[in-house]
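Here is a structure to read step by step.

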Amino acid sequence: MPRAGLTRDRVAQEAAVMADEVGLGRLTLAGLAERLGVRQPSLYKHIDSIASLRRDISVQAKRELGEVLARAAVGRSGADAISAMSHAYRDWAGRHPARYEASNLMPAPGDVEDETVSATAIQVITDVLTAYRLEGDDAIDAIRAFRSTLHGFVVYEAAGAFALSADVDRSFDRLVAGFIVALGQWNETVPPVR
């Protein structure tokens, strides 16, 4: 029986949940239509294609991740905020693997909504880094390092690449602590330009 009240946002939300279950690359319109209890042509009232659906999942995922980071940082600053955001990032990525993958898709040129959502998520990190008095290129370098550090850990963890005997949570805590130490010396450790 068809579900009443389908909207573009509702279709994207259900697709995101389904993608987390089956994988972003295995998400199909036929499977989504079946899940929603509609015929596949009915989906085209709300989306243009699988590519546009993935774009909508990406925008939704970036918005969710930005909100997760903002909630983690509220009422905190400096090392406490960095630690809280790092753990929130890892937890969210682990619970939503396909959404996490989609959150790393770059906006198409001219996609203002996607560009805005992407910038908003980065702004949360930028705001937290103000405690370290980082500006300009120094702040950009720190943002890139923060995101790359967390992304690398999350991707390796999801792939099951941490098979050694040491506790993975302990390793993550040490990674975050090390990054926090580096932030405290960020302005003093400018590498030579090659």
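The dialogue below goes from the whole chain to one residue.

Q: What kind of model is this, and how are residues numbered?
A: This is a predicted model; local features need pLDDT of at least 70, side-chain atom pairs count only at pLDDT 80 or more, and totals for chains, interfaces and linings use all residues. Residues are numbered from 1 along each chain as its sequence is written, and side-chain values use heavy atoms, with hydrogens and water left out.

Q: How many helices and strands does the protein have?
A: Helices (H or I, at least four residues) and strands (E, at least two) are DSSP runs, numbered from the N terminus. The protein has nine helices and zero strands. Its pattern along the sequence is α-α-α-α-α-α-α-α-α.

Q: What does the C-alpha trace span, and what share of the residues is buried?
A: The trace spans about 60 × 45 × 40 Å along its principal axes. Buried means under 20% relative accessible area, exposed over 50%, partly exposed in between (1.4 Å probe, protein chains only). Of the 194 residues in the protein, 40% are buried.

Q: Which residues does UniProt list for the "DNA-binding region"?
A: UniProt positions use the numbering given here, feature names are shortened, and annotations may be inferred rather than shown by experiment. The unreviewed entry lists residues 28–47. That stretch is 60% helix and 0% strand, with its end C-alpha atoms 13 Å apart. UniProt also places "domain: HTH tetR-type" (unreviewed entry) at residues 5–65. Here the span is 70% helix and 0% strand, and the end C-alpha atoms lie 26 Å apart.

Q: At what angle do helix 4 and helix 5 pack?
A: Two packed helices are described by the angle between their axes and the distance between the axes. Axes are lines fitted to C-alpha atoms, for helices over the stretch in contact, and angles run from 0 to 180 degrees between N-to-C directions. Helix 4 (residues 50–73) and helix 5 (residues 78–95) pack at about 145°, with axes 8 Å apart.

Q: Which residues meet there?
A: Contact means heavy atoms within 4.5 Å. Leu 65, Val 68 and Leu 69 are among those in helix 4, meeting residues of helix 5 including Met 85, Tyr 89 and Trp 92.

Q: Is Ser 86 buried or exposed?
A: Ser 86 sits in helix 5. It counts as buried because its relative accessibility is 2%. Leaving out residues up to four places away in sequence, Ser 86 touches Phe 146, Leu 150, Phe 172 and Val 176.
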